[in-house]
Amino acid sequence: MFISTDEIIQTVTMIQQEHLDIRTVTMGVNLLSCVRSDIDATCNAVYDKISSCASRLVEVCRQIEIELGIPIVNKRVSVTPVGLIAPEDPEGCVKLAVTLERAATAVGINFLGGFSALVHKGTTPSERALISSIPDALNATSKVCASVNVATTKAGINMDAVREMGFVIKRASELSASSGGSNCARLVVLCNAPEDNPFMAGAFHGVGEPDCVINVGVSGPGAVKCAIEHVRGENFTVLAETVKKTAFKITRAGQLVAELASSRLGVPAGIVDLSLAPTPAVGDSVARIIEEMGVGRCGAPGTTAALALLNDAVKKGGLMASSHVGGLSGAFIPVSEDEGMIDAVRRGSLCIEKLEAMTCVCSVGLDMIVVPGDTEAHTISAIIADEAAVGMVNSKTTAVRIIPAPGKVVGDTVEFGGLLGSGPVMSVRQYEGSDSSKAFVDRGGRIPAPMQSLKN
Amino acid sequence: MIKGVLTVIGKDRVGIIAALSRILAEANCNILDISQTTMDDIFTMTMLVDVTDVKGGFGPLAETLKKVGDDMGLRVQLCHVDIFNAMHKI
């Protein structure tokens, strides 16, 4: 046989026992062609465009799942940042969100991203309306994801938008108080947001993209952990090589799915996102990889170095496996979606400040962090500013997806269900009066772009 | 020709190949190659089959094989060979 039995068994074991899956096939759809003179006509055009482009997305992905024997966990759509086509009133923006929800339901996907505004250098009236409508829009929908890009390395940090997002997140949380503020799980604040990210909640279809495109996000923390179990005690060169080889195989599966989906849907293939995306399932955790490397508890000293090695090896292994790499590409550390991270927070080894350090060396930011309900808007804004600064200075994507859970205190747990998992409420360093960060956040204006922006 | 790989892992017992090859025959699938090992009573078999003209469709056949495997306490999976080529060949 052309392929050895060992290789076949290895693949089957990765899929059946080590949770290897394709995390998402995300179709990007351009909505710039849908702008009409009134909001109802725009909504109709948006609905028609999405439901026609993505009508076969779920069916085609299911067929690929059956043929290749590998689960495609999520089928999703990302759209042009709605801030670019939105009217200048919040009610109109909510109408658009409800239209997106209707289209998402019609085509059978579980999330639709792109209720977004790119305001890193300034905010247009439409984007201002969209941002202020986010709490109501999230509350009127269950599949629509919102994101706001508040900073880039090139433009600096729009601190007016950062300040506003503190209030928006608080309001979104209050409107979903009965479910622990769960609407905030569909809202992310970004720095250096990629235009081709297939992962939620930050996915949107950038203006440099074609009319329609297929992007694929791979996963596989469980497969990586099982692979490095075989090199316990070996040096870092061996460890990195093992991760690279596993990441190569995982990404090749993603590349194959991207090629098949692209040709069957008649839509160009965009990128494969080389990510290690955990789920709340036991055996599918990034934190457990770090612990397997020898850091006894995720969050303990050594965690950042371990994550840096992991992130780098995943990229190096994945790069050759895919024709076009993009999106976020790296290890994800969403607390509530990672069984090992949840455990680390409960055991007290992982805190927000350590997570912030970890975000300097991996692909995302402070992700799916539940904080006490009495965390003030300006404190949330200051956390966003810190994280945006990390992204801006390091020329990388960072994000904040934070959930101030109404009525909850440190020690409580909020259940989100499904892939979003359950989040232990984490402690925030919040100080009163003049000791707080309020005066900093209230300054307004922009933090200038750093030296790193001047590459020309 | 579209090639599929049937993988069977589980405790060895009488009639595994008989049961699965009968289903393949009924579905008009020719067996191209077969490889099996038994170590410590754990039976591992991989079979290369021609799934170009599957009677009743590839999905239902994969489902039937899986179900028969479940009934025999075996992990059985049929999928296209492409996934293995992608992951193991450059």
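# Notebook: chains A and B

I began with the contact between the chains: 21 residues of chain B and 19 residues of chain A take part. Here I call two residues in contact, or touching, if their C-beta atoms, placed from the backbone, lie within 7 Å. I then looked up which elements of chain B give two or more residues to the side that touches chain A, and found β1 (3-11), β2, β3 (42-50), α2 (58-71), β4 (74-80) and α3 (82-88). Of these, α3(B) gives the most, with seven residues. Sorted by class, this side of chain B has nine nonpolar, nine polar and three charged residues. For the classes, Ala, Val, Leu, Ile, Met, Phe, Trp, Tyr, Cys and Pro are nonpolar, Asp, Glu, Lys and Arg are charged, and the others, Gly among them, are polar.

A note on the source: this is a predicted model, where local features need pLDDT of at least 70 and side-chain atom pairs count only at pLDDT 80 or more, while totals for chains, interfaces and linings use all residues. Residues are numbered from 1 along each chain as its sequence is written, and chains are lettered from A and ligands numbered from 1 in the order in which they are written.

**Chain A overall.** I counted 14 helices and 13 strands in chain A; helices (H or I, at least four residues) and strands (E, at least two) are DSSP runs, numbered from the N terminus. The radius of gyration of chain A is 21 Å, close to the 23 Å that the globule rule gives for 456 residues, so chain A is as compact as a globular protein of that length. That radius is taken over C-alpha atoms, and the rule is 2.2 Å times the number of residues to the power 0.38. The C-alpha trace spans about 65 × 50 × 50 Å along its principal axes. In chain A, 61% of the 456 residues are buried. I use buried for 20 or more other C-beta atoms within 10 Å of a residue's own, exposed for 12 or fewer, and partly exposed in between, with C-beta atoms placed from the backbone.

**The core.** The largest nonpolar core has 184 residues, and A:Val150 and A:Val257 touch the most other members. Such a core is a set of buried Ala, Val, Leu, Ile, Met, Phe, Trp, Tyr and Cys residues joined through C-beta atoms within 7 Å. Helix α8 (residues 236-265) of chain A gives the most to this core, with twelve residues. Domain 1 (27-191) and domain 2 (216-442) of chain A both give residues, so this core lies between them; the domain bounds come from an automatic or database domain assignment. Leaving out residues up to four places away in sequence, the residues that A:Val150 touches include A:Val119, A:Ile157, A:Cys191 and A:Ile384.

Most residues other than glycine have a negative phi, and most peptide bonds are trans. I noted a cis peptide bond joining A:Met200 and A:Ala201, with omega about 10°. A:Ala201 is in the loop between β6 (187-191) and β7 (212-218) of chain A. A:Ser395, not a glycine, has a positive phi near 50° and lies in the loop between α13 (377-394) and β10 of chain A. B:Asn28 also has a positive phi, about 65°, and sits in the loop between α1 (16-26) and β2 (30-39) of chain B. B:Asn28 is partly exposed because 14 other C-beta atoms lie within 10 Å.
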